[in-house]
Protein chains: 2
Amino acid sequence: MTETAPTGLSFGDRLSTVFATRGQLCVGIDPHAWLLTDWGLPDTAAGAEAFGRRVVEAAVGLAGIVKPQIGFYERFGSVGYAALERVLADARDAGLLVIADVKRGEIGTSMEAYGEAWLTPGSPLEVDAITVNPFLGVGSLDASLDLAVASGKGVFVLAATSNPEGKTIQTSLVTDGPRSGLSVARAILDEVTERNVAVTVAAAQPELGSIGVVLGATLDLATFGIDVSTPVTGPLPPVLAPGFGHQGAAIADLASIYGSFAAGVIVSESRSVLSAGPDRLSASIARRVTEIGAARG
Amino acid sequence: MTETAPTGLSFGDRLSTVFATRGQLCVGIDPHAWLLTDWGLPDTAAGAEAFGRRVVEAAVGLAGIVKPQIGFYERFGSVGYAALERVLADARDAGLLVIADVKRGEIGTSMEAYGEAWLTPGSPLEVDAITVNPFLGVGSLDASLDLAVASGKGVFVLAATSNPEGKTIQTSLVTDGPRSGLSVARAILDEVTERNVAVTVAAAQPELGSIGVVLGATLDLATFGIDVSTPVTGPLPPVLAPGFGHQGAAIADLASIYGSFAAGVIVSESRSVLSAGPDRLSASIARRVTEIGAARG
């Protein structure tokens, strides 16, 4: 178990430091069966552990953020979770920010239980941030958002996802409550922005908030009701951005895709980096960090 | 690990048998910290395991379905999952249908990984059905729906949830694709119905489908665009129904709340049953089964 001494820094503050020193790349840790085979590892919990620890080792000193996809560990049951715990400990001991891609979404005490699992200092599954799913309402997630902020942790709320099937729900129009007439994706983004403002009202205004969103890089965000040319009020919400690399979005287009959100974008790449294999992984990460840095000027 | 011999029966078929022999109650397994304390158990993985095994023991012979809320095990990390595996094994060995309340929602290979974890015969976390979250699109779940049906397993897709914060997204109006003009909840229900028909087109028509929905009992479903007076085409989708008991919906209103879906309703109760304590749990379950049976006539 890795204990985190309270630093007093928010997740947004820590992310700003990582951006300044290591850039905006987040390396996925996705031990697919076929990737394990390509890497010469067994398709077992031990194989997934070796894979994860190798990615962490390759990322240290080059990139600042890793994102394990938890399903690829959960498929092995509790032994997969034990393997995951060792990968998370390695990553956090090495000073990497860890975003667990768990997409949890619950109500009340069940959502609190997820916060206890992933966002509580000293928990065996402790990470720096998790992804969450707002289908039950952003308000249903408040317990975990509050817990995150209190512990210096972060949360990324799904808003507009990079897969084509996401559009139906995410572009639907809200008809109930104060955000009537907005798209679902836009209503979620506005709720997140509002919460970042509320959290920081009494403190010095940070550059980045601790509550972020997931906005896919493959999308025309305007069709999701999100106007990226409007300046953001309050702290910039960090944007976890899948869709670059294997899914087809180009790093050179980062500024035009995300506009006023670009400075908060975490470029999340998995397959495009991991398919380099264990020996060429460091070189692949270094090259990608350089490309993103160049695109950001 | 509990291996399931292929029976050739679908989840819907097995659910029909359970309804006929044990009724429509599903007992939640929610080891909250405060419930563990009330039960005289430690707030640890071992306490959550003892709690879960006690619920299973009390349910056997009285109710046919249990639903562990996985977050209450995940909060202990891998040792919590190991405890959960033993609870699941007990429940399945005793012939109970087990619905894991995990609300997973992912795309592509990540969703397949969750199917591998929960719906694959012989997996350490094997259950009979899981809950899934459609925010990324019902189509994004198809890999797990196909896997479920092929293995005789079930899936419950969130559609209209019992908490008040769910309304904003779930009543939004679809503007994209063939279900334009429908509410999000109704579009999900229609997609589920369509898939149950597609799955069973070549086989004898079952009474209940294997792909179900979550529709909260606390709701006026008409405000979610769902007309329960219309007869259902094809197999009846099973309805996992939270909201009875502690959340306030009355069993006597089951038929009026669910209309043409009532015969497929699984009455999911947790706190209202579990708060009876370990010694009075069996009596509490037996009374609730009787009440539901009386209400269903």
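Modeller: Two strands pair if DSSP finds at least two bridges between them. Strands (E, at least two residues) and helices (H or I, at least four) are DSSP runs, numbered from the N terminus. In E2(B), Lys67(B) is the bridge partner of Gly28(B). This is a predicted model: local features need pLDDT of at least 70, side-chain atom pairs count only at pLDDT 80 or more, and totals for chains, interfaces and linings use all residues. Residues are numbered from 1 along each chain as its sequence is written, while chains are lettered from A and ligands numbered from 1 in the order in which they are written.

Colleague: What makes strand E1 and strand E2 of chain B a pair?

Modeller: The bridges do. Strand E1 (residues 25-29) and strand E2 (residues 65-68) of chain B share four, in the parallel sense. That meets the bridge rule, so they pair.

Colleague: What of strands E7 and E8 in chain A?

Modeller: Strand E7 (residues 239-241) and strand E8 (residues 265-269) of chain A pair over three bridges, again parallel. The bridge partner of Val239(A) in E8(A) is Val265(A).

Colleague: In which order do the strands of the barrel in chain A run?

Modeller: The order is E1-E2-E3-E4-E5-E6-E7-E8, eight strands in a closed barrel with parallel pairing. From one strand to the next, the twist averages 30 degrees. Chain A has 12 helices besides its eight strands. In chain B, eight strands also close into a barrel, E1-E2-E3-E4-E5-E6-E7-E8, with parallel pairing. There, neighbouring strands are turned by 30 degrees on average, direction ignored.

Colleague: How do you know that chain A agrees with a compact globule?

Modeller: By its radius of gyration (taken over C-alpha atoms; the globule rule is 2.2 Å times the number of residues to the power 0.38). For 297 residues a compact globule would have a value near 19 Å, and chain A has 18 Å, which agrees. Along the principal axes, its C-alpha atoms fill a box of roughly 55 × 40 × 35 Å.

Colleague: Why is H3(A) called roughly parallel to H5(A)?

Modeller: The angle decides. Axes are lines fitted to C-alpha atoms, for helices over the stretch in contact, and angles run from 0 to 180 degrees between N-to-C directions. Helix H3 (residues 45-59) of chain A packs on H5(A) at about 15 degrees, with the axes 9 Å apart. H3(A) is therefore roughly parallel to H5(A). The classes are: under 35 degrees roughly parallel, over 145 roughly antiparallel, 65 to 115 roughly perpendicular, the rest oblique.

Colleague: What is the handedness of the crossing of H3(A) and H5(A)?

Modeller: H3(A) passes H5(A) in a right-handed crossing. Right-handed means that the near helix is turned clockwise from the far one by less than a right angle; anticlockwise is left-handed. Residues of H3(A) that meet H5(A) include Ala45(A), Gly52(A) and Val56(A). The residues of this contact divide into eight nonpolar, two polar and four charged. Ala, Val, Leu, Ile, Met, Phe, Trp, Tyr, Cys and Pro count as nonpolar, Asp, Glu, Lys and Arg as charged, and the others, Gly among them, as polar.

Colleague: What makes H6(A) and H7(A) roughly parallel?

Modeller: H6(A) and helix H7 (residues 142-150) of chain A pack at about 30 degrees, their axes 8 Å apart. They are therefore roughly parallel to each other. This crossing is right-handed.

Colleague: Why are H5(A) and H5(B) called roughly antiparallel?

Modeller: H5(A) and helix H5 (residues 78-93) of chain B pack at about 180 degrees, with axes 8 Å apart. These two helices are therefore roughly antiparallel. H5(A) brings Ser78(A), Tyr81(A), Ala82(A) and Glu85(A); H5(B) brings Ser78(B), Tyr81(B), Ala82(B) and Glu85(B). By class, that is four nonpolar, two polar and two charged.

Colleague: How many residues are in contact between chain A and chain B?

Modeller: 49 residues of chain A are in contact with 49 of chain B. Contact means that the C-beta atoms, placed from the backbone, lie within 7 Å. On the chain A side, H6(A) supplies the largest share, six residues. That side has 18 nonpolar, 21 polar and 10 charged residues.

How values were computed: Contact = placed C-beta atoms within 7 Å.
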